[in-house]
Each structure stands twice: as C-alpha cells, then as structure tokens.
Amino acid sequence: MKISIVVPTRNRAEFLKYCLETCLASDDPDIEVVVSDNNSVDDTRTVVAESKDQRLIYINPGVDLSMRQNFEFALSHATGDYVIFIGDDDGVVPNGIATLRYLIGKFSPDIITWRHITYIWPHSEPEPTEGLLKFRYRDFCGPVYELDPKQILADFYRARITSYRDGANIYHGCVSRAVIDKIKARGGEYFQGQIPDVNTALSNLTAASSLLWVRNPVTIAGAGQKSNGTAMNAPIKVTKSQEKIADSFAELAQTDKVTPEIDLRIRSIPAYVYANLMRINRDHLDGRYDIDHTAWRDVIVRDMRKFIKKNRCWPVLEDFFAQSDPDYVRLELSDPPELQDDVDTIANPTTSKKKRQSLISAKDRENVASVVRWIQSVTGKPYFPPTNRFLAFIVQLIKSVEMRSNVKALSGPGK
C-alpha cells in the first residue's frame with residue numbers, strides 16, 4: 001500500500017530543502033514524494049537533484065500554472081493508494097507515516113486528518129524575526145476519533161463549523177484514492193476551486209463514508225513571509241513582497257479555465273469557504289443542502305474587519321452577497337468608527353496576553369536544522385493512537401516529560 005506525499009512548489013527552494021529532508025526521513029519504502037515545480041526560476045530543480053533517494057519524483061509543467069492547476073498536475077503524477085499534500089515550507093514528523101499506516105491498517109478509512117503543529121520561519125520583513133515552533137503538549141499522543149462526514153458537511157452549511165481546517169483535508173490530511181476518483185468522476189478534475197485546500201476540504205465530505213481525526217501531528221505546517229496563504233490573508237502588516245505574491249496568485253488564477261469562486265479582491269478565507277459550499281452544493285449535491293446565508297454573512301463581515309482598509313472592499317463584498325443570495329437586501333456595509341483609518345486595534349489589542357517562554361533556546365530558534373532535529377527527537381517513536389481517552393491522557397503526560405528532557409539535552413547547560 002503506497003502513500004504519496006505531494007509537494008507543489010514555486011520559487012521557494014530555500015524552504016523546499018528542509019521540507020524534503022523531513023519527508024524522506026522516514027525509512028518506509030512504500031512512500032513516494034512528488035515535487036511539482038511550477039516553472040520556478042530559482043534553484044528548485046537543483047535542490048531536488050541533490051537527493052539521490054529513489055522515492056523522490058520531480059516534475060515540471062514547463063509553463064506557469066495557477067496554484068489550482070499545479071495541484072492538479074501534481075496529483076496526476078501521484079500513484080499512491082492514499083495521498084497527502086503539503087506545502088514547500090511544511091514538513092512531515094518522523095513517526096507520521098508510521099501513524100498513518102497503523103490507522104489505515106486498523107480502520108481502512110476514506111480520510112484521515114490530524115492536529116498539526118506550526119513552524120513560523122525566520123523572516124526579515126516587516127522586521128527581523130527568529131523562527132518559532134508552536135504547539136501544545138496535549139496535541140501529541142491524543143486519541144483517535146471517528147467522525148461522520150455528512151454531519152460535518154451539514155454543520156458547514158448551517159455555519160456551525162466555519163473553518164475549512166475542520167473539514168476533510170487533503171492538505172495536511174490523507175485521502176484515499178477512492179475518494180479522489182469519485183470527485184474526479186463528477187467534475188473531470190479533483191481540485192475544482194482556486195484555493196485548493198479550501199475546495200477539497202469540503203468536496204471530500206461529499207464523497208467520504210468514514211473520517212478519522214487524531215490528536216497527534218503527522219505534519220508540520222510552515223508559515224513565512226513568502227507563503228501564499230500569508231500573503232493573501234495578512235490582516236494588517238503587508239510587505240511589498242507579499243503584495244507581489246498576492247498579485248501573482250490573482251494573475252495566474254485569471255488564466256485558469258476554472259473561474260475564481262469570488263472576486264479575488266476579497267481576502268477573507270471564510271468567504272472562500274462560503275463560496276465553495278455553494279459551488280459544491282450546485283455541482284455535487286444537486287442543491288440538496290439549504291445554506292444559512294445570513295449566518296455566513298455575519299462570519300465573513302467579522303473576518304473582513306481585521307484587514308487593512310484597502311482590503312475591506314465593502315462594495316465588492318456586497319456584490320458577492322447579492323449574487324449568492326437572491327433574498328439579500330443591501331446594507332451599504334462600511335467601516336465602524338474604530339476602523340475608519342488603518343488602525344490595528346482589533347487585530348492587535350493593546351491588552352495582549354503574556355508571551356510564553358519558548359522551549360527552544362533563542363540561538364536554536366534561528367536555525368531551521370536545530371528545530372527539525374528537536375522535532376525528530378520528540379516524535380521519533382512510533383505512536384499507536386488509542387480510542388480510550390484516559391489512556392491517551394496518560395501517554396500525553398509521559399510524552400510531555402520526554403519533551404522537556406529533550407529540550408534540556410538539546411539546549412545544553414544554562415539554556
């Protein structure tokens with residue numbers, strides 16, 4: 001049984017190097033790592049060529065593709081029975097593949113999702129910032145849950161669930177070939193929206209019969225100043241390089257045969273979730289679901305208020321609401337008094353919480369390799385998630401002690 005780890009990339013060789021190190025750290029012979037290079041002009045090809053691992057596959061379309069098209073192109077070269085997508089600034093934890101194999105062998109699920117951990121890359125804009133690994137002890141070695149995909153989809157339509165990360169993800173998730181083929185049979189391609197992770201987190205729910213969620217990280221979600229998601233969804237501080245990334249995304253999306261779900265000037269991720277729910281209801285479900293438009297509009301308006309003034313675009317958003325719901329009455333949305341200027345009172349309140357102390361020394365946080373080594377040291381052992389919550393709690397306590405011991409060992413005396 002083969003597992004494909006698919007890594008779409010574009011002009012981010014400095015991140016891809018470390019991503020591939022984590023993907024290939026597993027000694028599992030039945031994985032493949034597919035790098036889909038979207039016509040990069042940096043050292044991406046060289047970085048991949050440096051590895052002689054036969055499990056690594058490099059492909060390049062030879063032309064610039066939209067993000068959606070590159071995801072579809074990458075999937076067409078993946079041969080696994082199960083498929084995982086991650087970004088070029090993400091990673092795989094050492095016991096991740098072994099955990100998946102255990103779950104697949106025991107439950108034969110259509111989809112597996114998990115609580116990933118986050119690494120924020122060091123960056124220089126808008127001010128120099130060292131790397132930061134973000135996680136909670138309780139997100140390691142938790143139990144496994146069996147969820148109902150149809151109930152989750154219904155909760156999305158009623159806006160009881162609004163984050164696409166609570167869906168059935170293939171991006172930082174593992175999806176069976178059977179589900180992928182069902183969705184392709186309906187629309188010709190698997191990725192049917194301009195933000196592929198949002199689109200498939202919802203469309204997978206229409207084709208899956210079983211869904212597992214495990215409180216144990218299989219992957220590491222990276223975030224940095226060159227990330228598409230950061231550039232498109234940055235609320236307050238937007239650098240010139242991020243504006244360039246966002247403009248490139250929009251330009252390539254306009255060349256795609258699949259039209260964007262919404263006007264790309266709308267930066268709200270909940271708006272994309274809302275738009276994809278309507279598209280999926282129309283194209284996959286024959287309009288069977290009744291969407292709560294009012295509840296979703298409230299969610300989106302709240303989200304839009306976190307952006308800088310030029311990215312709130314209230315008239316554009318109202319046009320979108322009017323197109324989505326024939327019963328919508330225009331309210332002439334505008335900025336409340338506290339948002340008349342580009343202030344960050346909502347995104348950055350003055351009464352901030354106390355900053356937590358990092359478990360890794362400041363020197364080590366600047367070094368990506370040391371962060372990878374630390375993650376390997378605390379997650380290298382195989383983990384077999386129990387369904388019993390009490391047993392999982394005991395294992396979590398043991399793991400927290402191991403983590404603290406590893407921090408001291410890696411940091412050295414006095415750190």
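1. T200 is found in helix α7, helices being DSSP runs of H or I with at least four residues, numbered from the N terminus. The model is predicted: local features need pLDDT of at least 70, side-chain atom pairs count only at pLDDT 80 or more, and totals for chains, interfaces and linings use all residues. Residues are numbered from 1 along each chain as its sequence is written, and side-chain values use heavy atoms, without hydrogens and water.

2. T200 has 0% relative accessibility and therefore counts as buried (under 20% relative accessible area, 1.4 Å probe, protein chains only). A polar atom of the T200 side chain lies 2.8 Å from the backbone oxygen of P196. Beyond neighbours within four places in sequence, T200 is in contact (heavy atoms within 4.5 Å) with A168, I170, Y190 and F191.

3. Helix α7 (residues 196-207) and helix α5 (residues 149-157) have axes that come within 8 Å and cross at roughly 135°. On the α5 side the contact is made by P149, K150, I152, L153 and F156, and on the α7 side by L202, L205 and T206. By class, this contact has six nonpolar, one polar and one charged residues.

4. α5 also packs against helix α10 (residues 269-283), at an angle of about 120° with the axes 10 Å apart. Here too, α5 is oblique to α10. L153, F156 and Y157 of α5 meet V273, L277, I280 and N281 of α10.

Note on methods:
Axes fitted to C-alpha atoms, helices over the stretch in contact; angles between N-to-C directions. Helix = DSSP H or I, 4+ residues; strand = E, 2+ residues; numbered from the N terminus. Nonpolar A, V, L, I, M, F, W, Y, C, P; charged D, E, K, R; others polar. Buried < 20%, exposed > 50% of the residue type's maximum accessible area, 1.4 Å probe, protein only. Polar contact = N/O pair within 3.5 Å; in protein donor to acceptor, adjacent residues only side chain to side chain. Parallel < 35°, antiparallel > 145°, perpendicular 65-115°, else oblique.
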